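User: Could you take me through this structure step by step? I would like to begin with the helices.

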Amino acid sequence: MTYRPAIIGYPAKAPIAESSSRSRLSAGTHFMNNQLLSLFPPSDMKLLGPHLKAAQFDQHRVLFEADQRIRHVYFPTSAVVSLVITLSTGEMVEAAMIGKDGVVGASAALDGKIAVSRGIIQLSGEIVVCDIEALKSVVIQSPKLLALLMRHEQTVYAQAQQSAACFATHQVEARFCRWLLRARDLSDSDYLPFTQEYLGEMLGVRRTSVTAVARTLQETGLIKYARGKSRSWMQKRCRRVPANATVRSRRIMKG
């Protein structure tokens with residue numbers, strides 16, 4: 001298997017590489033793999049069904065850029081998406097990570113039409129895509145759906161706050177573990193195809209720092225990685241590291 005290095009200069013727009021399941025989705029199919037969609041009231045899903053379609057997205061594709069108008073809402077079922085902030089220096093830092101537990105771009109359905117961050121496919125996979133106007137028309141008629149999406153946006157905000165706190169107070173090793181654990185939970189895989197360069201970009205640190213931390217973690221048996229092929233296997237001991245943001249997000253979604 002061939003692995004691509006992390007792409008620093010991402011394309012401005014990402015055409016949707018639609019899978020063979022491009023046809024409109026009916027209740028009880030792909031959307032059940034997204035935890036948020038599975039919570040939508042049945043009456044709302046009946047209205048949204050004709051507007052949902054599954055598409056395959058490749059790693060490193062850009063869904064939208066900061067300050068761009070959001071035109072689609074993305075419900076990952078197996079893909080993982082990073083919301084990234086680009087600094088004036090050109091450096092990037094990940095603010096939040098969303099996968100099968102949530103939605104990307106829902107703020108547009110709540111009238112926040114302009115993206116405040118860049119959305120990048122972190123791990124390739126399938127996403128259920130919905131036209132923003134279709135979702136907005138259903139949200140307007142459904143107080144329950146509106147409340148659900150608002151709670152979700154709160155969880156994204158909470159995750160960004162936790163990332164900021166972690167960035168300010170934790171050493172690179174703790175941030176590295178927290179990031180890998182989150183990616184592992186969303187992908188349901190101990191195998192994570194990331195280059196050290198890409199990890200450095202997401203964590204806002206130099207590649208040399210990632211290399212040093214990865215070496216230390218591998219020596220202690222917490223992860224395994226192969227240089228140049230971006231292979232990382234999470235060991236069980238590493239999974240016991242607490243994830244405060246995940247616990248807080250679950251509390252918010254319960255209302």
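Analyst: A definition comes first: helices (H or I, at least four residues) and strands (E, at least two) are DSSP runs, numbered from the N terminus. With that in place, helix α5 is followed by Gly204, whose phi is positive, near 70 degrees. Please note that this is a predicted model, in which local features need pLDDT of at least 70, side-chain atom pairs count only at pLDDT 80 or more, and totals for chains, interfaces and linings use all residues. Residues are numbered from 1 along each chain as its sequence is written, and side-chain values use heavy atoms, with hydrogens and water left out.

User: What is pLDDT, and what does the protein chain average?

Analyst: pLDDT is the predictor's confidence in each residue, from 0 to 100. The protein chain averages 78, and 75% of the residues score at least 70. Among the elements, β3 has the highest mean pLDDT (96), while helix α7 (residues 244–254) has the lowest (45).

User: Over which residues does pLDDT stay under 50?

Analyst: One such stretch is residues 1–28, for which the model has 65 contacts beyond four places in sequence; contact means heavy atoms within 4.5 Å. Another is residues 240–253, with 17 contacts beyond four places in sequence.

User: Back to α5, then. Is it enclosed or open, and why?

Analyst: Helix α5 is largely enclosed by the rest of the structure, because 7 of its 8 residues are buried. Buried means under 20% relative accessible area, exposed over 50%, and partly exposed in between (1.4 Å probe, protein chains only). The buried residues of α5 are Gln196, Tyr198, Leu199, Gly200, Glu201, Met202 and Leu203.

User: At what angle do α4 and α5 pack?

Analyst: Helix α4 (residues 172–187) and helix α5 (residues 196–203) pack at about 105 degrees, with their axes 11 Å apart. Axes are lines fitted to C-alpha atoms, for helices over the stretch in contact, and angles run from 0 to 180 degrees between N-to-C directions. The two helices are therefore roughly perpendicular to each other; angles under 35 degrees count as roughly parallel, over 145 as roughly antiparallel, 65 to 115 as roughly perpendicular and the rest as oblique.

User: Which residues make that contact?

Analyst: From α4 they are Arg175, Phe176, Trp179 and Leu180, and from α5 they are Tyr198, Leu199, Met202 and Leu203.

User: Finally, where is Asp188, and is it buried or exposed?

Analyst: Asp188 lies in the loop between α4 and α5. At 53% relative accessibility, Asp188 counts as exposed. Its phi is positive, about 60 degrees, although Asp188 is not a glycine.
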